[in-house]
Amino acid sequence: MEWISILIIAVIAAAFAAVVARLIINKKKGKHICSCGGSCGSCPMSDACGAKTKK
């Protein structure tokens with residue numbers, strides 16, 4: 001494998017790792033990635049979301 005191929009693979013792997021790390025950090029902070037606009041009660045994916053809703 002040429003060095004340019006290794007470099008490209010390393011850059012893609014680093015970008016993927018950064019995205020995954022950001023998702024984990026946001027989940028630990030209680031932020032969620034749902035696009036419900038803050039009203040998770042009306043969101044069909046509210047049970048899969050990181051936010052806790054009061055009933």
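User: What is the accessible surface of the protein chain, and how much of it belongs to carbon and sulfur atoms?

Analyst: The accessible surface is about 4,900 Å², with 66% belonging to carbon and sulfur atoms; accessible areas come from the Shrake-Rupley method with a 1.4 Å probe, and for residues only the protein chains shown count as cover. This is a predicted model, where local features need pLDDT of at least 70 and side-chain atom pairs count only at pLDDT 80 or more, while totals for chains, interfaces and linings use all residues. Residues are numbered from 1 along each chain as its sequence is written, and side-chain values use heavy atoms, leaving out hydrogens and water.

User: Why is Trp3 called exposed?

Analyst: Exposed means over 50% relative accessible area (buried is under 20%, partly exposed in between; 1.4 Å probe, protein chains only). Trp3 has 66%, so Trp3 is exposed.

User: What share of the protein chain is buried?

Analyst: Buried residues make up 9% of the 55 residues.
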